[in-house]
Amino acid sequence: MIARALAPLVAAALLGAYAPAELSAAGAGVAIVAAPQPGCARLSSVQSSAGYNGRSAEANAAGVEAALRNEAAQRGGDTLVIRERARGAAPLDPATPRALQSGGCPACVQMTADIYRCGAKPAVDVAEAAVAAAMTHAAACWPGGRAAGAVKVRVTFAPSGDVIYAEAEGEGGRGTEVGACIAGKLRNARVPAFAGEPRSIEKTFSP
């Protein structure tokens, strides 16, 4: 009786433990391409999998790609080339509890990719994606978790990929506690290292 009562709680805990990876601010700066450009340096290979039938294969694939991009960023890469994609009925991750793999796992997804460092100047959309990812954490800066109006931010990336300047501009931004909080979140943004001068991004976010 006790085991039956605890079963839903155990299942919920397992599902949370094997939730798909979320794309980090650094991972957002990693591009997935069919082939690396000339001059890119291969750093290493990486593998990731997601194996829960309660999610679609598409959701599992998105989680795997996010995990690969996050890992690539941690290893200093800015580009991924996916060499192998596998999907099938056999459980792909031996560490995943059998409770999540009963009857096989047709929605399981596994990918193997090569990590490259290309060092190119970051495209505007890559930098904007990194800023947008950092801004998802800025909701905590406002009472109630929602901005009262549009917020304009300015972020400058150094060639190392780190933020050297971050500011929430305009009324209610610069010089306020909310603005300082937003700037703190933006300083966590990162893009792959690039050549040349620092790059600045201005972006307006609406509530």
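R154 is partly exposed, at 27% relative accessibility. Partly exposed lies between buried, under 20% relative accessible area, and exposed, over 50% (1.4 Å probe, protein chains only). The model is predicted, so local features need pLDDT of at least 70, side-chain atom pairs count only at pLDDT 80 or more, and totals for chains, interfaces and linings use all residues. Residues are numbered from 1 along each chain as its sequence is written, and side-chain values use heavy atoms, with hydrogens and water left out.

## Salt bridges

R154 forms a salt bridge with E202; their closest N and O atoms are 2.6 Å apart. The two residues belong to distant parts of the chain: R154 sits in strand β5 and E202 in strand β7, 48 residues apart. A salt bridge here is a side-chain nitrogen of Lys or Arg within 4 Å of a carboxyl oxygen of Asp or Glu. Helices (H or I, at least four residues) and strands (E, at least two) are DSSP runs, numbered from the N terminus.

E202 also meets the side chain of K152 in a salt bridge, at 3.7 Å from N to O. This pair, too, links distant parts of the chain: E202 is in β7 (residues 199-205), K152 is in β5, and 50 residues separate them. E202 is partly exposed, with a relative accessible area of 41%. K152 counts as partly exposed at 35%.

How many salt bridges does the structure hold? There are eight. Another of them joins the side chains of R85 and E65, at 3.4 Å from N to O. R85 lies in strand β3 (residues 79-88) and E65 in helix α2 (residues 57-74), 20 residues apart in the chain. R85 counts as exposed, at 53% relative accessibility. E65 is partly exposed, at 25%.

| Pair | N to O distance | Separation in the chain |
|---|---|---|
| R154 and E202 | 2.6 Å | 48 residues |
| E202 and K152 | 3.7 Å | 50 residues |
| R85 and E65 | 3.4 Å | 20 residues |

## A buried arginine

Helix α2 also contains R69. R69 is buried yet has no salt bridge. How far away is the nearest side chain of opposite charge? That side chain is E65, at 6.0 Å. For charge, Lys and Arg count as positive and Asp and Glu as negative; His and the chain ends are not counted. Leaving out residues up to four places away in sequence, R69 touches L23, G27, A28, V30, I32 and L80. Contact means heavy atoms within 4.5 Å.

Strands β5 and β6 pair in the antiparallel sense over six bridges. Two strands pair if DSSP finds at least two bridges between them. V153 stands opposite A168 in β6. Five residues lie between the strands of this hairpin, and G161 takes a positive phi near 100°. Strand β6 is mostly covered, with five of its seven residues buried.

## Helix α4

Which residues of helix α4 (residues 177-186) are buried? They are V178, G179, I182, A183 and L186. Seen down the axis of α4, these buried residues fall within an arc of 135°, so they line one face of the helix. The arc is that of the directions from the helix axis to the C-beta atoms. On the other side of α4, E177 and A180 are exposed. The cover over the buried residues includes α3 (124-135), β5 (151-157) and β6 (163-169).
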